[in-house]
Amino acid sequence: MSYQDLHDEDEVLFRPIYESSRSFYIIVIVLTAVFLFGLGCYIRQLFYGLGATGMDEPVSWAFYIIDFVFFIGISHAGTLISAILRLSKAEWRRPITRMAEVITGIVLAIGGLHPVIDLGRPDRILHLFERGRLQSPLLWDLTSVTAYFTASTIYLYIPMIPDIALLRDRGGKLHNFYKILAWGYKGTPKQKHALERAINILMVMVIPIAISVHTIIAWIFGMTLQPGWHSTIFGPYFVVGAIYSGIAALVIVMIVFRKVYHFEDYLKEIHFKYLGTLLLVVSLLWTYFTFAEFLTTFYGHEPAEMRVFLYKFVGPYAPFFWLMVLCNFLMPVIVLSNKKTKTIKGILVASIGVVVGMWLERLIIIIPTLANPRLPYPTGMYTPSITEIGIAAAATSAFVLGFMGFSKLFPLISIWETKEGREHSVHEVSMRLKEYLPGKTEESRVEASVKAEI
Amino acid sequence: MPKYGMVIDLNKCSSCQACVTACKIENNVQIVSEYDAQHGRAMFWMKMLTMEFEGDYPNIRPKTLPRNCMQCDEPSCIKVCPVRATYKNEVGIVAQIYPQCIGCRYCMANCPYTVKVFNWDRNEQPKEVEKCYDPDVSVRPKGVVEKCTFCIHRLQIASEKAKAEHRDMEPGDYVPACVETCPVDAISFGDLDDKKSEVSKESRDYRSFALLDELGTVPKVRYLNAIE
Amino acid sequence: MEMNRRDFAKLLGGSLIGFAVGGAGDALLKIPGMVVPLLYSGPHVETWKVTTCAKCPGKCGLRVRMIDKFPVQAFGNPLSPMNKGGICPMGLTSVENLYHPDRLTSPMKKVNGRFQEISYAEAYGILTNALSSNGKGKAAFVAQTDSAFMGGLIKQLMAGLESEKVVVDNFASSSSMPFDRAAADHPDFIDFESCDYIVNFGSQLTEISESPLYFSRSMNDFRAKRNEFSTFSPKLTPDAYKANRWVPVSPEFYVDVALGLAYVILTDGTYDKTFVGNEFKDFDGFKKLVMENYSPAAVESRTGVASKYLIETARKFANASAPVAYFDESILYSSSGMRNAYAVVALNALKGFAGYGKLKDRELPDFENKKENESPQSSWNSRMLIGDKDIKILMIYRSNFVFNSPGQDDLRKAISDIPMVISFSPFIDETSELADLIIPDHDDLEKLDAFSSTVTGAPVISTQQPVVKPFYSTVHTGDVIVSLIADLKLSKNWSCKKYEDYLQSYLKPVYKHGKGMLMNQQKPTGLEKSLHQAGWQMASYSSFDEFWQQMLKHGGWWDPFPQTSKYKPAVSLTVDHLTANGRGDQPGKNARGNSLKLNIFHRNFDYRGNMLRNPVLTEQFGMDKDVYYETWIEINPATAKRLSVGDRTKVKVKTGKGAFEAFVIYNPAVVPANIDVPFGLGHTASKKVYGVNPMQYSDAVFDEETGKPSLSETEVKIV
């Protein structure tokens with residue numbers, strides 16, 4: 001039985017799994033080449049030591065740690081957004097959550113590897129388990145990233161089970177694979193109930209974990225004595241930044257796959273408008289945090305802090321700093337608050353700007369502080385080496401490859417949730433809406449009894 | 001247990017950098033390649049720092065000081081080490097365990113004095129340097145962090161020797177290489193807890209100061225201001 | 001199992017072969033280079049040997065740490081009166097030169113422009129043939145050694161060869177030469193007991209001097225007694241950090257400054273009238289010259305030194321009870337070199353040389369000979385090689401004078417025109433690469449030599465003992481010269497067979513003399529001190545041989561309680577000494593104009609351009625400026641802004657001789673009209689060239705009398 005024989009009203013969602021265009025393969029080849037190049041760079045680094053990078057003293061953390069923070073930040077796209085949207089019963093979430101969760105899973109795996117790439121002795125990584133000191137923020141980080149990865153993978157997987165069951169039922173080459181993953185799901189009310197319970201528990205659980213992850217990453221810096229890092233605001237600041245870059249990344253991914261896989265029917269302009277509004281709100285929030293952070297530094301005028309401050313504002317990192325302000329504040333706010341520009345294209349531009357800007361923000365947080373030690377050492381401009389760029393490119397292509405691979409195995413938009421939305425939610429939402437309104441209606445009572453049955 | 005500390009008299013110091021060389025050869029500190037040195041990866045456990053220039057030309061003097069590891073009593077590096085590769089031992093020395101270090105460089109990022117150095121590259125030394133390795137000190141492989149240890153191998157040798165001779169350690173038994181070498185005896189070294197020792201007296205002198213004292217790291221390396 | 005003898009023999013043979021294969025294991029199994037020495041290490045027995053460092057004029061005692069009879073480290077010898085346990089970077093790294101892969105392992109002969117290894121017998125044969133056929137009167141010798149004994153031997157050889165063309169570059173003798181010429185005698189030491197004010201003319205006391213370590217300590221003690229000192233120098237070097245007043249002045253104006261100080265003292269009338277009246281010949285001529293030309297205002301207009309500093313310094317100098325106006329060899333490095341030195345001698349004479357001391361104990365033959373051997377009899381110098389067609393043989397001992405002087409192309413050409421050039425350098429350097437024959441000397445740690453010094457106020461003879469047997473087929477140059485003198489019959493009654501015999505002949509009187517002590521204990525105090533001073537001592541030797549052996553073992557001999565006197569010579573300075581030839585009426589040149597000048601400065605990592613082949617020192621050379629393996633220039637930020645040159649950027653520095661790239665370091669203590677550049681890097685003869693040699697770009701300006709180059713009179717531009 002081939003898939004053409006089947007017909008489903010959401011057939012377009014299944015199609016990417018069975019059909020691959022030529023350009024798909026070309027992209028895969030190109031990205032694989034990039035990835036292999038990065039892998040080669042890393043193997044070279046393993047042999048020759050971290051001298052292959054552009055790091056030095058005092059800039060002893062650079063590209064890898066920036067990418068680590070950046071990728072973990074992006075990972076907030078998923079789980080946190082989908083969990084919050086689910087929790088707040090935002091109905092427009094239905095076509096979004098899956099992609100958001102996939103971003104989390106892939107990006108976490110990539111981002112989580114970056115500290116390992118950054119290690120001088122990756123062969124001794126097991127010392128972390130054998131002789132780990134829980135007093136070190138790095139261990140907190142290890143714990144929270146692992147927990148977050150586990151939780152978000154499960155959170156990705158569980159809501160996917162009904163879709164996998166659908167795929168299993170459609171047969172095909174990967175029938176056995178889906179059979180195993182579907183966990184015997186048949187859509188019985190009991191199973192459905194258990195599934196929903198699991199999703200509900202997970203989405204409540206995943207929010208604190210997600211917030212803790214980025215708070216702890218911020219604490220890696222915040223716990224030190226260094227000027228520019230030693231700040232109480234860093235935890236929430238990083239979380240906001242993470243959500244910010246996460247939404248932007250999600251928007252980019254959605255727009256790309258909408259175009260490539262013709263999801264226009266599912267991802268409508270309204271979704272992007274909502275996400276755009278969310279982006280605008282977070283943008284303002286981020287700006288508020290940044291402003292608060294820099295104003296206190298400037299007003300306090302402590303010499304060591306001011307050196308870092310001036311290094312960012314007028315020193316060698318000024319171009320990056322002002323580019324960041326442009327990308328993270330001016331551009332998104334102008335584009336997103338203007339009705340004319342708040343189109344899908346406009347939102348895409350703003351999102352790309354935000355992703356770039358957030359990467360720059362990580363750069364600006366990490367390097368100027370290290371480049372301005374308290375004692376008078378020469379401050380050199382850090383320039384990444386080809387190894388670091390290669391590995392960053394490999395990480396990015398791994399992300400895209402991962403996403404493409406996922407799209408060839410599982411539907412990118414939750415089919416059962418779409419169906420559920422179509423079948424139940426329209427009614428449910430209208431009922432709910434009516435509930436908000438004054439007065440009781442007959443229908444609401446009927447609806448309540450129907451709900452209780454389910 | 002003694003608490004070892006060091007006081008460097010800037011009034012006596014003649015900025016000759018003998019301590020820097022002594023440290024380098026005593027501890028087999030890697031001589032990095034030309035490229036690495038020019039890209040900020042030169043490795044010195046002891047370094048001559050020009051803090052600032054005081055006065056205006058021509059009545060101007062640089063304030064220079066030899067800077068080794070401050071051997072803080074409240075070290076910020078050991079707090080953040082994820083694998084206990086750096087720790088404070090019973091005599092107050094902030095020691096390094098090279099085979100345990102995973103090379104995450106968190107301690108480097110958190111040291112306000114920037115004293116930690118990292119083995120960025122493979123340790124390939126010129127022949128003449130390799131032949132002159134101090135046999136008491138291990139050669140660090142690539143990818144680990146290292147720093148001044150107050151020549152802890154000299155302490156081990158001295159205490160073994162004292163034990164073999166059935167006596168307690170005496171003040172002169174153990175001094176780091178920089179202290180031994182200093183041509184003008186500007187560095188005094190010894191037990192800070194022993195109120196009678198020279199180093200303890202000097203550390204309580206009115207001229208004494210510590211680098212970045214305000215951070216609360218309680219450095220056990222202190223300096224004596226130059227007399228004008 | 002029974003084993004007969006044959007089986008046992010087989011087994012033994014087999015295991016021997018096994019061991020032999022195992023011995024070649026590193027080749028067969030490719031064990032990494034770092035592991036091999038560990039595998040072959042012996043029992044790791046640690047011993048210490050005492051010797052003397054010969055890297056600079058300081059004569060510091062060294063304790064060499066030996067592991068299984070191989071030196072690994074060197075530290076200062078606490079019992080040496082010169083350094084008392086301290087040691088400088090050069091001394092610390094002296095072991096590395098021993099293992100240097102660039103060392104010459106056997107005599108070399110140049111065939112068709114390439115060096116070929118030859119045996120010592122062959123090399124010696126070539127040398128004797130050349131000298132006996134062409135030697136008399138046609139040989140020249142350029143040497144650099146701080147051993148007066150070695151210098152004396154070289155002079156003896158050249159006397160035998162009837163040539164006056166010999167120069168022994170010896171820091172101590174160059175420093176005392178102006179005294180010797182102006183007063184026929186030189187002071188032995190600064191009397192730090194009584195001295196209470198020092199005016200320092202450009203000498204780098206704590207970096208490069210007759211004993212940097214002794215002076216570092218003494219200057220600290222001097223300051224601890226709340227005594228003051230002023231430094232006149234073109235650069236704020238570390239030894240000037242501690243000066244109470246640093247006055248920047250270019251070296252060619254030291255003469256003006258010194259005479260300007262004299263002007264104030266003469267006007268105030270605060271000079272030592274009795275001494276001047278009795279000992280200063282031609283004092284009236286001197287006074288007239290000074291009064292006419294060297295008023296502080298005139299000096300200020302010429303040199304830029306504020307007259308208030310001149311007056312302040314002069315009054316402090318005059319009011320001190322035992323002041324010293326100090327200079328050493330470095331004062332000669334300018335176009336007015338000797339005149340500078342004479343002016344400072346005259347300044348000292350005004351106060352009767354009150355701060356200087358002299359050893360009374362002249363019966364020690366070594367010190368008599370020191371004077372004889374060290375002070376240049378002739379005024380020949382290596383610059384005179386240029387254009388001298390009479391020289392047929394040139395011998396060079398350890399002097400890298402092509403590297404450390406300007407006008408290198410002329411020198412190179414002059415040397416290549418000489419038919420026979422013999423070098424005794426242990427390395428291929430910029431000078432020895434021009435040689436036709438190289439008979440490499442031992443490394444300092446394989447060598448036997450002795451050094452004498454009086455700078456600490458006590459007669460000190462430090463001995464350098466060979467701590468290891470020579471690694472390669474190198475030959476002690478002293479032995480070569482001793483046998484040359486014997487074989488060519490250049491000296492009557494020559495009984496020495498080896499350099500050791502030669503040294504012993506000098507040191508026998510020290511043994512007979514009976515005073516003093518070996519460097520085997522601290523300076524006596526208390527009762528022992530009184531006994532020592534009364535002439536009694538506990539000698540641990542009963543014959544000269546024992547004395548000699550113990551001297552080698554303990555690193556030398558010294559007299560802790562010598563008899564000293566004040567240095568009160570008759571000064572025969574005339575006005576001619578102080579005025580430039582042909583410029584009699586206009587002493588001192590005009591101010592330097594508006595152009596930038598290149599000022600080449602020395603650091604305590606390199607003496608005479610010989611040390612920066614050592615990896616540790618080369619790395620550390622620019623460490624305090626965070627510049628590695630490249631030449632940097634230091635520039636005043638104000639000048640830099642005017643020229644729009646950024647801090648820590650690379651620029652091209654252009655002089656009349658060409659342009660070189662350098663790294664800019666802002667240094668607010670640099671004279672605004674100067675660009676300071678360090679000397680030492682740029683060894684083109686080594687495999688890897690780091691940085692540039694600024695001498696190559698320096699104008700060939702020399703002090704006429706001594707041939708010392710000027711280091712600060714080259715016009716420079718930044719492009």
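1. **Ground rules.** The model is predicted, so a local feature is mentioned only at pLDDT of at least 70 and side-chain atom pairs count only at pLDDT 80 or more, while totals for chains, interfaces and linings use all residues. Residues are numbered from 1 along each chain as its sequence is written, and chains are lettered from A and ligands numbered from 1 in the order in which they are written.

2. **Helix 7 against helix 10 in chain A.** Start with helix 7 (residues 137-157) and helix 10 (residues 189-222) of chain A, whose axes are 9 Å apart and meet at about 150°. Helices (H or I, at least four residues) and strands (E, at least two) are DSSP runs, numbered from the N terminus. An axis is a line fitted to C-alpha atoms, for helices over the stretch in contact, and the angle runs from 0 to 180 degrees between N-to-C directions. That angle makes helix 7 of chain A roughly antiparallel to helix 10 of chain A (under 35 degrees is roughly parallel, over 145 roughly antiparallel, 65 to 115 roughly perpendicular and the rest oblique). The crossing of helix 7 and helix 10 of chain A is left-handed, meaning the near helix is turned anticlockwise from the far one by less than a right angle; clockwise would be right-handed.

3. **Who touches whom there.** Among the contact residues are A:Trp140, A:Tyr148 and A:Tyr155 from helix 7 of chain A, and A:Met205, A:Ile209 and A:Trp219 from helix 10 of chain A. Contact here means that C-beta atoms, placed from the backbone, lie within 7 Å. This contact of helix 7 with helix 10 of chain A has 19 nonpolar, three polar and one charged residues. In that count Ala, Val, Leu, Ile, Met, Phe, Trp, Tyr, Cys and Pro are nonpolar, Asp, Glu, Lys and Arg are charged, and the others, Gly among them, are polar.

4. **Helix 3 joins in.** Helix 10 of chain A also packs with helix 3 (residues 63-75) of chain A, at about 160° and with axes 10 Å apart. That makes helix 3 of chain A roughly antiparallel to helix 10 of chain A, and their crossing is left-handed. Have a look at A:Val69, A:Ile72 and A:Gly73 of helix 3, which meet A:Val213, A:His214 and A:Ile217 of helix 10. By class, that contact of helix 3 with helix 10 of chain A has four nonpolar, two polar and no charged residues.

5. **Where chain C meets chain B.** The contact takes in 41 residues of chain C and 39 residues of chain B. Elements giving two or more residues to the chain C side include strand 3 (70-76), helix 9 (212-224) and helix 24 (615-620) of chain C. The chain C side divides into 23 nonpolar, 13 polar and five charged residues.

6. **Domains of chain C.** Four domains are assigned in chain C, including domain 2 (108-169 + 366-558) and domain 3 (173-360 + 571-578). The C-alpha centres of domain 2 and domain 3 of chain C are 32 Å apart, and ten residues of domain 2 contact eleven of domain 3. On the domain 2 side there are four nonpolar, five polar and one charged residues.

7. **A sheet in chain C.** Four strands of chain C form an open antiparallel sheet in the order 17-18-20-19 (two strands pair if DSSP finds at least two bridges between them). Strand 17 (449-453) and strand 19 (517-518) of chain C are at the edges with a single partner strand each, so one side of each has no neighbour in the sheet. Strand 18 (residues 460-464) and strand 20 (residues 556-558) of chain C are joined by three bridges, and C:Ile461 stands opposite C:Trp557.

8. **A hairpin.** Strand 4 (residues 108-111) and strand 5 (residues 114-117) of chain C pair antiparallel over four bridges, with C:Lys109 and C:Gln116 as bridge partners. Two residues lie between these strands, and C:Asn112 in the turn has a positive phi of about 50°.

9. Most residues other than glycine have a negative phi, and most peptide bonds are trans. The bond from A:Glu57 to A:Pro58 is cis, with omega near 10°, and A:Pro58 is in the loop between helix 2 (22-48) and helix 3 of chain A. B:Tyr57 and B:Pro58 are also joined by a cis peptide bond, with omega about 0°.

Methods
Two residues are in contact if their C-beta atoms, placed from the backbone, lie within 7 Å. Domain bounds come from an automatic or database domain assignment.
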